[in-house]
Amino acid sequence: MLIVNSSAYATPNHIYFLSEITPPYYWIDENGKAQGVNVDLANALKPLLPFTSSLEHMPWARAYQETHEKPDFVLLSLLKTPKREDQFEWLGAVNHMQAALIRLKRKDNAHITSLDDAKNFRIGSIRGYGSASFLQQQGFEENRNLALVTKPAILWKLLYMERIDFALANFETGKYEINDAGFNPNDVTSEYVIKALGADLFVATGLKTEQDKVISIKNALSILKANGEYARILKKWGLEPIESTQ
């Protein structure tokens, strides 16, 4: 895995697109080749930009920190939340995400109709994700009814081993993650949709990135939406393009 050192590699006329390994947005296939929405999107943007670009992957918490604190790093898939609204430049919407509490079908005694019900169970989420912060704000406590892990594969392993009762994730993309982790996605079901966690997924960069680069990326994304390439990329990976043209 390549970890970018901004001081060593950053150049005045280059930007780094960043992604974590989360199918169908980014993953490495059996031949060692990067695949997914973010790979195709980065490749489609490259010839439309007046500067060079590259796509790298790194753990989510590190990618978020690099993008938030330093110039010329661009997250290709960041949920836009009220807390993050003023902390990033939002370059263009990519997809809509809706989080749900997902359980094993065989655990048919784990039924909930509210977040208060969920507090009686053990919920898993990814450390650093907005959804994890949301649960903590709602009164969930780590090591009591909340388990935080570093990557999706660990989250799904805990669920399938019944170390947790629910995984908080997007059901649409979670199926890819489950399969990639070596489990059968047909063994799970969405138990409870958390409407408060519905949000658009954006291409975003930190406030230190120069405005001419911000404008160039925004314009390039608009071109991809106008010429149909954006819709083609999402449909290729089984996702529905959002109606927003932001």
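This is a predicted model: local features need pLDDT of at least 70, side-chain atom pairs count only at pLDDT 80 or more; totals for chains, interfaces and linings use all residues.

Reader: How many bridges join strand 6 to strand 12?
Author: There are 8 bridges between strand 6 (residues 88-97) and strand 12, and the two run antiparallel. Two strands pair if DSSP finds at least two bridges between them. Therefore strand 6 and strand 12 count as a pair.

Reader: Which sense does the pairing of strand 5 and strand 12 have?
Author: Antiparallel, over 4 bridges, with strand 5 covering residues 73-79. Leu75 has Ala204 of strand 12 as its bridge partner. Helices (H or I, at least four residues) and strands (E, at least two) are DSSP runs, numbered from the N terminus.

Reader: What makes strand 12 mostly covered?
Author: In strand 12 (residues 199-206), 7 of the 8 residues are buried. Buried means under 20% relative accessible area, exposed over 50%, partly exposed in between (1.4 Å probe, protein chains only).

Reader: Why does Glu56 count as buried?
Author: Glu56 has 12% relative accessibility, so Glu56 counts as buried. Glu56 is found in strand 4 (residues 52-57).

Reader: Which residues of strand 8 point one way, and which the other?
Author: Ile123 and Ser125 point one way from strand 8 (residues 123-126). Gly124 and Ile126 point the other way, and all are buried. In a regular strand the side chains alternate between the two faces of the sheet.

Reader: Which strands does strand 8 pair with in parallel?
Author: Strand 9 (residues 146-149) is joined to strand 8 by 4 bridges. Here Ile123 is partnered with Leu146, and Ile126 stands opposite Val149. Strand 10 (residues 166-170) is joined to strand 8 by 2 bridges. There Gly124 is partnered with Ala167.

Reader: What makes strand 9 and strand 11 edge strands?
Author: The open sheet has 5 strands in the order 9-8-10-7-11, with mixed pairing. Strand 9 and strand 11 (188-193) each have a single partner strand, so one side of each is left without a neighbour in the sheet.

Reader: What is the handedness of the unit made by strand 8, helix 5 and strand 9?
Author: Strand 8, helix 5 (residues 130-137) and strand 9 make a right-handed β-α-β unit. A crossover is right-handed if, with the strands pointing away from the viewer, the path from the first strand over the helix to the second runs clockwise.

Reader: Why are helix 6 and helix 7 called roughly perpendicular?
Author: Helix 6 (residues 152-160) and helix 7 (residues 171-180) pack at about 80 degrees, with axes 9 Å apart. Axes are lines fitted to C-alpha atoms, for helices over the stretch in contact, and angles run from 0 to 180 degrees between N-to-C directions. Angles under 35 degrees count as roughly parallel, over 145 as roughly antiparallel, 65 to 115 as roughly perpendicular and the rest as oblique. Helix 6 and helix 7 are therefore roughly perpendicular to each other.

Reader: Which residues meet where helix 6 and helix 7 pack?
Author: Pro152, Trp156 and Tyr160 in helix 6 meet Gly174, Glu177 and Ile178 in helix 7. Contact means heavy atoms within 4.5 Å.

Terms used:
Residues are numbered from 1 along each chain as its sequence is written. Side-chain values use heavy atoms; hydrogens and water are left out.
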